[in-house]
Amino acid sequence: MTPRERNLAEIDAIAELHGYTVKDILGKSKVKPLVEVRRKCVVRMRGKGYSTTEIGRIMQRDHSTIVHSLQKMAGMESANED
């Protein structure tokens, strides 16, 4: 299994948990629940040590979008701690 196939399999697992497909996650939809699942995928890959550029390539997004996703998730985590 290639690294890309491994990443897509992990995205698929996360997507299925939330009732989505890989195509949904990698698509252009901005529906809030889908975006939240997409962000979970980004955080998971970042936790594995991927750069924002690498994650962007995998997720078919610009690296600045990945940076924004990580910042939003960090903000959500700190808000939950309060």
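Select asparagine 7 and show its neighbours: leaving aside residues up to four places away in sequence, asparagine 7 touches Tyr50 and Ile58. Contact here means heavy atoms within 4.5 Å. This is a predicted model, where local features need pLDDT of at least 70, side-chain atom pairs count only at pLDDT 80 or more, and totals for chains, interfaces and linings use all residues. Numbering starts from 1 along each chain as its sequence is written, and side-chain values use heavy atoms, with hydrogens and water left out.

Asparagine 7 is buried, at a relative accessible area of 8%. The cut-offs are under 20% for buried, over 50% for exposed and partly exposed in between, with a 1.4 Å probe and protein chains only.

Helices are DSSP runs of H or I with at least four residues, strands are runs of E with at least two, and both are numbered from the N terminus.

Now colour the protein chain by secondary structure. There are 5 helices and 0 strands. The order along the sequence is α-α-α-α-α.

Zoom out. The C-alpha atoms fill a box of roughly 40 × 25 × 20 Å along the principal axes. Of the 82 residues, 32% count as buried. Among contacts with a separation of 6 or more, 42% join residues 24 or more positions apart.

The protein chain exposes about 5,500 Å², and carbon and sulfur atoms supply 53% of it. The areas come from the Shrake-Rupley method with a 1.4 Å probe; for residues, only the protein chains shown count as cover.
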